[in-house]
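Here are some questions about how terms are applied to one structure. Each answer sets a value against its cut-off.

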Amino acid sequence: MSVRPIVITGEPVLHRRAEPVTDFGPDLDALIDDMFATQNAANGVGLAAPQIGVGARVFTWHLANDDGVPEIGVIVNPFVRATRAPDGEPDKDADSEGCLSVPGYHYPLRRGLAAEVTGCDRRGNEIAFTATGWFARCMQHEYDHLNGFLYVDRLSQKWKKKALKAIRNEGWGRPGHSWMPGVDEDPFGH
């Protein structure tokens with residue numbers, strides 16, 4: 001298991017659709033193990049393969065939930081269908097979301113309160129579950145990564161403007177930026 005650098009917004013792999021996994025062998029196992037190590041070192045609740053520079057449809061999570069789903073898990077070739085997000089402006093505190101690929105920033109975003117999740121485990125066995133609450137938010141966030149979207153792409157105009165300004169001020173938004181969990185300072189102060 002190796003901790004890998006996390007790429008930052010502007011890296012092309014983050015902004016294009018990831019490819020389906022077709023080989024459920026040792027290379028996939030190694031990728032998943034590295035993803036868990038990286039997610040753990042970054043103190044993240046979820047991590048998608050594109051965030052470590054791999055354009056594959058895989059994401060991991062480490063998040064307690066009330067849905068009977070293991071707190072730590074992986075899904076390969078997922079499909080996530082969420083309920084419609086509630087109407088209205090997101091609450092600045094209760095709906096605040098962050099991302100390891102936009103390190104150190106949080107912005108409010110409404111998401112569906114539940115999501116149906118299907119896909120495969122690391123061996124290719126089918127899995128399906130319903131996620132609710134923050135676990136549903138995590139599933140939607142990671143699934144977006146596999147489709148070439150970051151949460152900042154979904155922000156309302158008010159918050160998107162602030163996020164884009166922060167990204168510009170950091171010098172991100174173009175290839176070549178990453179951070180190393182466990183080596184670089186934790187951008188979220190965990």
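**Terms and the values behind them**

Q: Which element gives the most to the lining of the largest pocket?
A: Helix H2 gives the most, with 6 residues. H2 covers residues 133–146. Strand S5 (96–98) also supplies at least two residues of that lining. The model is predicted.

Q: How much space lies in the largest pocket, and which lining residues are the closest to its centre?
A: About 390 Å³ lies in the largest pocket. Of the 20 residues that line it, Val 45, Gly 46, Glu 97, Gly 98 and Cys 99 are the closest to the centre.

Q: What makes up the lining of the largest pocket by class?
A: The lining has 10 polar, 7 nonpolar and 3 charged residues. Gly counts as polar here.

Q: Why is Ser 96 called buried?
A: Buried means under 20% relative accessible area. Ser 96 has 19% relative accessibility, so Ser 96 counts as buried.

Q: Where is Ser 96 found, and what does Ser 96 touch beyond four places away in sequence?
A: Ser 96 is found in strand S5. Leaving out residues up to four places away in sequence, Ser 96 touches Asp 91, His 106, Tyr 107, Pro 108 and Trp 134. Contact means heavy atoms within 4.5 Å.

Q: Why is strand S3 described as largely enclosed by the rest of the structure?
A: S3 spans residues 58–62. Of its 5 residues, 4 are buried, so S3 is largely enclosed by the rest of the structure.

Q: How do you know that S2 and S3 pair?
A: Pairing takes at least two bridges. Strand S2 (residues 46–48) and S3 have 3 bridges, so they pair, in the antiparallel sense. Leu 47 stands opposite Thr 60 in S3.

Q: What makes S3 and S4 a pair?
A: The cut-off is again at least two bridges. S3 and strand S4 (residues 72–82) have 5 bridges, so they pair, in the antiparallel sense. Val 74 in S4 is the bridge partner of Thr 60.

Q: How do you know that S7 and S8 pair?
A: 7 bridges join strand S7 (residues 114–120) to strand S8 (residues 126–132). At least two are needed, so S7 and S8 count as paired. The two strands run antiparallel. Glu 116 has Thr 130 in S8 as its bridge partner.

Q: What do S7 and S8 form, and which residue in the turn has a positive phi?
A: S7 and S8 form a hairpin, with 5 residues between them. Gly 124 in the turn has a positive phi of about 95°.

Key: Residues are numbered from 1 along each chain as its sequence is written. This is a predicted model: local features need pLDDT of at least 70, side-chain atom pairs count only at pLDDT 80 or more; totals for chains, interfaces and linings use all residues. Side-chain values use heavy atoms; hydrogens and water are left out. Buried means under 20% relative accessible area, exposed over 50%, partly exposed in between (1.4 Å probe, protein chains only). On a 1 Å grid over the protein atoms alone, a cavity is a set of points where a 1.4 Å probe fits but cannot get out, and a pocket is an open set with protein on both sides within 12 Å along at least five of seven lines; lining residues have an atom within 4 Å of a point. Grid points are joined across faces, edges and corners, and a volume is the space filled by probe spheres set on the points.
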